[in-house]
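Good morning, and thank you for coming.

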Amino acid sequence: MDVTDAASLERLVERAVGLHGRVDYMINNAGIAAGGEFQDVSAATVRRVVEIDLLGAAYGTLAAYKQMVRQRGGHIVNIASMLALFPNPMSAAYVAAKHGLGGLTQSVMAEATGHGIFLTLVCPGYIATNLFAAGTFEGNLRPDNVVERIPFRLIDVDTAVERTLQAVLARKTFAVFPFYARMLWWTQRLSPRLMIGLLRLMMRDQRRRFGSGPVQQ
C-alpha cells in the first residue's frame, strides 16, 4: 500500500477486520531517511519526508484508532526515533517529522485510555538497516559517508525488535533504547541549552572532518 494515501490505510484496516473481525495491533513502521545541511535540502525532500514519516504514520494511526474505538480496545505502536525527543543537525526535516509523530502519539494517548486503547512510542537509536543506503542525502552528506559520521554503534535489528515487543507487551508508553538514546533524552529534558551547545560542538567537528557545503562534482 501507499502510506501517503489515507484511503489505502483505511482499506487495509477494513481488510483485516473482514478477515479477523477486529484489529488488535497496528504497527506504523514505514519511514525514510533524509539529511544534509538545511541550505542544501530541497523543498521536495522536506515534503517527501513529512508525507511518509509523519503523515503516513498519522493516517495509519487514525485508521486503526477509529476501528479500535468501535471494538473498545487495541494497541497502536508508532516507530519514531530517538530524534523524536531532541534536536539534531544535518537532519532537520527528518527530526521535524519524528517530533510531529511523537506529539501526535502522546496526544492521542490521553484520549485513548477511555476507550481501552494503548499506544507505544518507540524511539530507538541508530539501527543497522538499509535506511541510510536508501535515504536521500544532499550537500556533502551522502549514503556512503552517513554511517561513518555516526558516533555510536548501530543496533542489531533483532535486538531492536525484541526491545520493541517487550515494551508493547508491557504496555509501556515509551520505548527509548539503547542507553545512549536515553542519556541524550535526559540531557535534553535537563537542559535544552546544554543540548544545543553539545550539538554545536558536534556540528563544528563534522565540518572540520567532512567539510561544509555542496559536494563538487
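Let me begin with a definition: helices (H or I, at least four residues) and strands (E, at least two) are DSSP runs, numbered from the N terminus. Please note that this is a predicted model, in which local features need pLDDT of at least 70, side-chain atom pairs count only at pLDDT 80 or more, and totals for chains, interfaces and linings use all residues. Residues are numbered from 1 along each chain as its sequence is written, and side-chain values use heavy atoms, with hydrogens and water left out.

I turn to helix α1. Just after this helix, G21 takes a positive phi of about 85 degrees. At the other end, D5 caps the N-terminal end of α1, where one of its side-chain oxygens lies 3.2 Å from the backbone nitrogen of A7. Such a polar contact is a pair of N or O atoms within 3.5 Å; within protein, one must be able to donate a hydrogen and the other to accept it, and residues adjacent in sequence count only if both atoms are side-chain atoms.

How far apart are the end C-alpha atoms of α1? The expected span of a helix is 1.5 Å times one less than its number of residues. For the 15 residues of α1, residues 6–20, that gives 21 Å, and the end C-alpha atoms are 21 Å apart, which agrees.

Next, burial. Buried means under 20% relative accessible area, exposed over 50%, and partly exposed in between, with a 1.4 Å probe and protein chains only. In α1, the residues S8, L9 and V13 are buried. They lie on the same side of α1, because they cover an arc of only 140 degrees around the axis; the arc is that of the directions from the helix axis to the C-beta atoms. On the other side of α1, E14 and G18 are exposed. The buried residues of α1 pack against β1 (25–28) and α2 (43–71), where contact means heavy atoms within 4.5 Å.

I now move to the sheet. Two strands pair if DSSP finds at least two bridges between them. Four strands form an open sheet in the order β1-β3-β4-β6, with parallel pairing. Why is one side of β1 and of β6 left without a neighbour in the sheet? β1 and β6 (174–177) stand at the edges with a single partner strand each, so one side of each has no neighbour there. From one strand to the next, the twist averages 15 degrees. For such angles, axes are lines fitted to C-alpha atoms, for helices over the stretch in contact, and angles run from 0 to 180 degrees between N-to-C directions.

β1 and β3 pair in the parallel sense over four bridges, and N28 stands opposite N78 in β3. Helix α3 (residues 92–112) packs on the sheet, where it touches β3, β4 (117–124) and β6, and its direction makes about 155 degrees with that of β4. Helix α5 (residues 157–169) also packs on the sheet, touching β1, β3, β4 and β6, with its direction at about 155 degrees to that of β6.

Six bridges join the parallel strands β3 and β4, and I76 stands opposite L119 in β4. Of the eight residues of β4, seven are buried. In strand β3 (residues 74–79) we find V77, which counts as buried at 1% relative accessibility. Not counting residues up to four places away in sequence, V77 touches M26, I27, N28, T120, V122, T164 and V168.

Towards the end of the chain, P178 lies in the loop between β6 and α6. The peptide bond from F177 to P178 is cis, with omega near -5 degrees. In helix α6 (residues 179–190) sits Q188, which is buried, with a relative accessible area of 18%. Leaving aside neighbours within four places in sequence, Q188 is in contact with L85, F86, P87 and M195.

Finally, helix α7. In α7, M195, L199, M203 and Q206 are buried. Seen down the axis of α7, these buried residues fall within an arc of 80 degrees, so they line one face of the helix. An α-helix has 3.6 residues a turn, so residues three or four places apart point the same way. On the other side of α7, R193, R200, R204 and R208 are exposed. What covers the buried residues of α7 includes α4 (143–149) and α6.
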